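Biologist: I would like to learn how to read a protein model. Could you take me through one, feature by feature?

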Amino acid sequence: MNGQLDMTIYTASTWILPVIIAITFHEAAHGFIAHKLGDDTAWQLGRVSFNPLKHIDPFGTILLPAFLLLLRAPFLFGYAKPVPVNFRALRNPRRDMVWVAAAGPATNLLLATAAALMLHLVGFLPASAGQWLLQNLEHA
């Protein structure tokens, strides 16, 4: 029984950590760029944060992905609370709303690139830690 619990925790950690990091950085990036371009809505609400609790949507971030995992769906889907942005507050709304929208996906691409580069570190770790890191990076 204890081995099954250990395996469940291990598997959950290799899925949950990359998802939390991706969601948190993605949403914080939208708010950060909006702030830099003149809209401080997300900044004032504390949503430009690396605290994942600020971005978690109970259904979209926890229940939906958990449900898909339990059903052994061939895909995983979820979402976070959208960062509030007042496009009218941006200095150049037509141009800046594109930058704000692109900030999240650009951050995901940067995280994927960082994960790919970190794959080179796996061989320098003890076997069990290396395997855990490898699985985390594969899910990133």
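Modeller: Let us go from the overall fold to single residues. This is a predicted model, in which local features need pLDDT of at least 70 and side-chain atom pairs count only at pLDDT 80 or more, while totals for chains, interfaces and linings use all residues. Residues are numbered from 1 along each chain as its sequence is written, and side-chain values use heavy atoms, with hydrogens and water left out.

Biologist: How many helices and strands are there in the protein?

Modeller: Helices (H or I, at least four residues) and strands (E, at least two) are DSSP runs, numbered from the N terminus. Here there are five helices and zero strands, giving the pattern α-α-α-α-α along the sequence. The C-alpha atoms fill a box of roughly 55 × 35 × 25 Å along the principal axes.

Biologist: What share of the residues counts as buried?

Modeller: A residue is buried under 20% relative accessible area, exposed over 50% and partly exposed in between (1.4 Å probe, protein chains only). Of the 140 residues, 27% count as buried. As for area, the Shrake-Rupley method with a 1.4 Å probe is used, and for residues only the protein chains shown count as cover. The protein exposes about 9300 Å², with carbon and sulfur atoms supplying 71% of it.

Biologist: Can we look at E27? Where is E27 placed, and which residues does E27 contact?

Modeller: E27 sits in helix α1 (residues 2–36) and is buried, at 9% relative accessibility. Leaving aside neighbours within four places in sequence, E27 is in contact with H55, A80, K81, P82 and V83. A115, in helix α4, is buried as well, at 8% relative accessibility.

Biologist: Now to charge. How many positive and negative side chains does the protein have?

Modeller: Lys and Arg count as positive and Asp and Glu as negative; His and the chain ends are not counted. Each charge is placed at NZ of Lys, CZ of Arg, CG of Asp or CD of Glu. The protein has 9 positive and 7 negative side chains, and the centres of the two sets lie 9 Å apart.

Biologist: Which side chains meet in a salt bridge?

Modeller: Side chains of opposite charge can pair when their charged atoms come close. The term salt bridge asks for a side-chain nitrogen of Lys or Arg within 4 Å of a carboxyl oxygen of Asp or Glu. A search of the whole structure finds one: D96 with R95, at 2.7 Å from N to O. D96 is buried, at 0% relative accessibility, whereas R95 is partly exposed, at 44%.

Biologist: Which residues form the nonpolar patch on the surface?

Modeller: A patch is made of residues with over 30% relative accessible area and no salt bridge: like charges are joined within 9 Å, nonpolar side chains (Val, Leu, Ile, Met, Phe, Trp, Tyr) within 5 Å. Here F59, I62, L63, F75, F77 and Y79 form one, with about 630 Å² of accessible area together. F75 belongs to the loop between α3 (58–70) and α4 (93–118).

Technical notes. Contact means heavy atoms within 4.5 Å.
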